[in-house]
Amino acid sequence: MVTYIVRRLVTAALILLGASFLVYLLTASSGDPLADLRASNAPNKQQLMNARTELLDLDTPAPIRYFKWLAGAAQCLVPFAGTCDLGKSVSGQPITEALGIALVQTLTLVTGATILAILIGISLGIVTALRQYSALDYGVTFMAFLFFSLPIFWVAVLLKEYGAIGFNDFLRNPEIPLPTALGVGAVAGLLVAVAVGGELRRRLITGGAVFAAVTLILIYFSATQWFKTPGLGPVVIAVAGAGIAVAVTVLVAGLRNRRALQSSLIVVALGVIAYFAVQPLLDQATALMIALLGLATVLVGVAVGYFMGGYDRGQSMRVAGITAFLVGGLVVMDRFMQAWPSYFSNSRVRGRPIATIGAGTPNIEGDFWVLGTDTFTHLILPTIALILVSLASYTRFTRSSMLEIMNMDYIRTARAKGLSERSVIMGHAFRNALIPIATIVAFDIGALIGGAVITESVFSVRGMGFLFLDGITHIDPNPVMGVFVCVAVTAMVFNLIADLAYSALDPRVRIKA
Amino acid sequence: MSQPTQEEEILAQQAVRGPGDAPPEHESSGLSQGQIVRKRFFGHTGALIGLAVFALIFILAFTSVGVAGIPGWWKYNHLDVSPLVGDGAPTAGLVPPAWGEHPFGQDRIGRDLFAMTMRGAQQSITIMILIGAIAGILGAVIGGLAGYFRGWVEAVLMRITDVIIIIPVLLLAAVVAQIAGRRDEGSMFAAFANANGILVLGVFLGLVSWVGLARLVRGEFLTLREREFVDAARISGASNARIIFKHILPNAVGVLIVNVTLTMSAAILLETALSYLGVGVKSPDTSLGLLISQNQEAFATRPWLFWFPGLFIVLICLSINFIGDGLRDAFDPRQKKFNAKKASDANAPAVEKSAATAFDGTKGD
């Protein structure tokens, strides 16, 4: 095992050396870094050119410059010495500093999108696998292919047009005309009727119910100007919480485990009480406080599960803990919604909340909630774009993995033992289907750092991709190398982790030492 | 780039499962492998539709504006400027069906968008086919050599693959774009690249996108070379070349074809993305990605400039993806899959039966 890891690391280091040498030479030879100065008419042109030549050490040939860079970069391997030197960019900024800023931007952009894409993709994949060859399956498969084929810059521009500009125009006077409400309701009802499966009667009833509910909600929203002063309120939290409690119980423990159901419902009741109790506290919220409150919420949930017990105490604790977390999320969401009017009328936002570029409104001031809303309104469009293009691969992959597992003998055995379909799917099939998915998730997390070059450039987020592209256009090897090394190292480390995780999760796979 | 594609999905799948883990089950006896594959492929509705759409776009793109100096049937080309008709709005309509002077509209200076889109589609398809051909050949040769000969050949080739796989394509494309863009230097390559930007870009992208294919082919070769029929061929004195071309390659060709198709669909997105970022096809020539990039600012005033090129990218890519899916189903030996409906159908009679026997039992009592 240790031999294997060491061998992999040594190979990786050698590959990295070779590749970084190539990348440096390619960047350096791709053009003339002084081109913009040569073309300029500034009186101190020669001086500027000399300054840049000195800054980037252009008199030294590129291969030798690489080794100078390597000597500086090698110091990064010395832990805690603080002598890391990755050179400076054209504008004179140290690369280590630029990388730090870019990394934060990139991670705020891609983390949420990746997590959501994984969650939605895996659930869609499982559902389509269980309903193979149904209308839902064909629909999702077609959507997956469509998403595979969408150029992300095209999606991004469309999102800007309709998601931001269109929605902002709508927010100015948030009234939904009756025909639109009926139309949206009809589409939603139709989609659900097609997706739900089963007999025609069941489909019609479900579709009709969804149609009525969606239409009524839209009419209600329009009448009360909900989009101007959104909020959930205790009633919605209670109802939605009860729904969440039942859903979580169905998935994790099965409705027959009454104790689990009761503990999750108790948690919901506690959540509604807490909703009133924490409102004054939330007004002075900080990120740390929200994190601590979240932790406390989960702990309370687990404790409720522990005291309710039942024949499977662990299951009750899990159900109650998950429910507590989700209900806590609802409360926080409600608080964000309460901050919406003050964000909306903020002098920097001026009634056009959904932003098309950047990662935050410049110079905005406000409390935690307003700033949080600001980040949210800036992230929502790039996040949707990223989810759309990365959703498909998770869906398809989970689907095929799940289909393969459902053919296994141990699934037939589990069915033959008389286990409920829930425990066959959640306990036996899903867990095993997750093993190959865990590896692609590890690959993708490794690739996260690289950022999304195109998404970042469309939405003007100054992340890793932007740094990289900027370095290329300015023929500036140092930022390019900085990004490249970060990306390559994380990708290689996560590839190794993926391989190790695979053999840890699936004992049949052995690592050849 | 950042966008996952079907090809990557396949790569991940193969990496996880190990290639060729199930021997093919022939449900149709008496047919050759090629016949079975053909039968399955033509039974795949999505693939057939994809094939038809792609053929249509291909013919439309190459005949309308002409190719390589041969004039097409459309009256404009992508550079012609003509007076604006109706402020450049598209003249094509469905009700009543009409084609008009400028079916897809015109841009601000009066160039015909139909001609530009067709030219762009042509470029994208050319690049796609070039990438597919070059990546397919290189991937097959390198992966095959590494997988068949093993030893130091494999070590060297696979390390090269590893190095190329981690160098960002964007950087390489930028370098080529820069070199091609240096008009002042008059070197042979720069002159050639200036005249044939598309060919250079396609060849170049092909030279970097074979790596995934090489890994897959190597995996295929690794399993196939241990099979009995290869041993038999070797014992009867076949040369290495004969074993590779006559015995192993025909068996690995399914994986190769499927993944070349998927590489091609990824190639379209790659080309458009590079053109969008300004390092792919350069103006005055045009490509679908470049058209979108040039016209995204005009979305509010002339949305059609943005819609049609995007639509064509999606259509081409979608049809190639469906063809690839059809091919994969056709070549995939693991065809019989779990069917929940069938399973529940099989369960349902069993339940009824037991209930019936119970009922019978009470009746008998």
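Me: What share of the contacts in chain B with a separation of 6 or more comes from residues 24 or more positions apart?
Reply: Happy to start there, bearing in mind that this is a predicted model. Among contacts in chain B with a separation of 6 or more, those between residues 24 or more positions apart make up 72%.

Me: How much of chain B counts as buried?
Reply: A residue is buried when 20 or more other C-beta atoms lie within 10 Å of its own. Of the 365 residues in chain B, the part that counts as buried is 43%.

Me: Which element gives the most to the side of chain B that touches chain A?
Reply: In this pairing, 44 residues of chain B are in contact with 48 residues of chain A. The elements of chain B that give two or more residues to that side are α1 (6-17), α5 (151-166), α6 (169-181), α11 (240-277), α13 (304-331) and α14 (340-364). With eight residues, the one that gives the most is α13(B).

Me: How many nonpolar, polar and charged residues are on the side of chain B that touches chain A?
Reply: This side is made of 44 residues of chain B in contact with chain A. By class, they are 27 nonpolar, 11 polar and six charged.

Me: Now to chain A: at what angle do α1(A) and α4(A) pack?
Reply: Helix α1 (residues 2-29) and helix α4 (residues 62-74) of chain A have their axes 10 Å apart, and their angle is about 130 degrees. That value makes α1(A) oblique to α4(A). Their crossing is right-handed, and the angle asked for is about 130 degrees.

Me: What classes do the residues of the contact of α1(A) with α4(A) divide into?
Reply: From α1(A) come F21(A), Y24(A), L25(A), A28(A) and S29(A), which meet A62(A), P63(A), Y66(A) and W69(A) in α4(A). By class, these residues divide into eight nonpolar, one polar and no charged.

Me: Is S460(A) buried or partly exposed?
Reply: S460(A) sits in the loop between α17 (453-458) and α18 (464-473) of chain A. Its phi is near 50 degrees, a positive value in a residue other than glycine. Because S460(A) has 13 C-beta neighbours inside 10 Å, it counts as partly exposed.

Me: And I475(A), is it buried or exposed?
Reply: I475(A) also has a phi near 50 degrees, positive in a residue other than glycine. Its place is the loop between α18 and α19 (477-505) of chain A. I475(A) has 22 C-beta neighbours inside 10 Å, so it counts as buried.

Me: What distance separates the C-alpha atoms of N407(A) and M49(A)?
Reply: N407(A) lies in the loop between α14 (368-406) and α15 (409-416) of chain A. With 14 other C-beta atoms within 10 Å, N407(A) is partly exposed. N407(A) and M49(A) are 358 residues apart along the chain, and their C-alpha atoms are separated by 68 Å.

Technical notes
Residues numbered from 1 in each chain as written. Chains lettered and ligands numbered in written order. Predicted model: local features only at pLDDT ≥ 70, side-chain atom pairs only at ≥ 80, totals over all residues. Axes fitted to C-alpha atoms, helices over the stretch in contact; angles between N-to-C directions. Helix = DSSP H or I, 4+ residues; strand = E, 2+ residues; numbered from the N terminus. Parallel < 35°, antiparallel > 145°, perpendicular 65-115°, else oblique. Left-handed = near helix turned anticlockwise from the far one by under 90°. Contact = placed C-beta atoms within 7 Å. Nonpolar A, V, L, I, M, F, W, Y, C, P; charged D, E, K, R; others polar. Buried ≥ 20, exposed ≤ 12 C-beta atoms within 10 Å, placed from the backbone.
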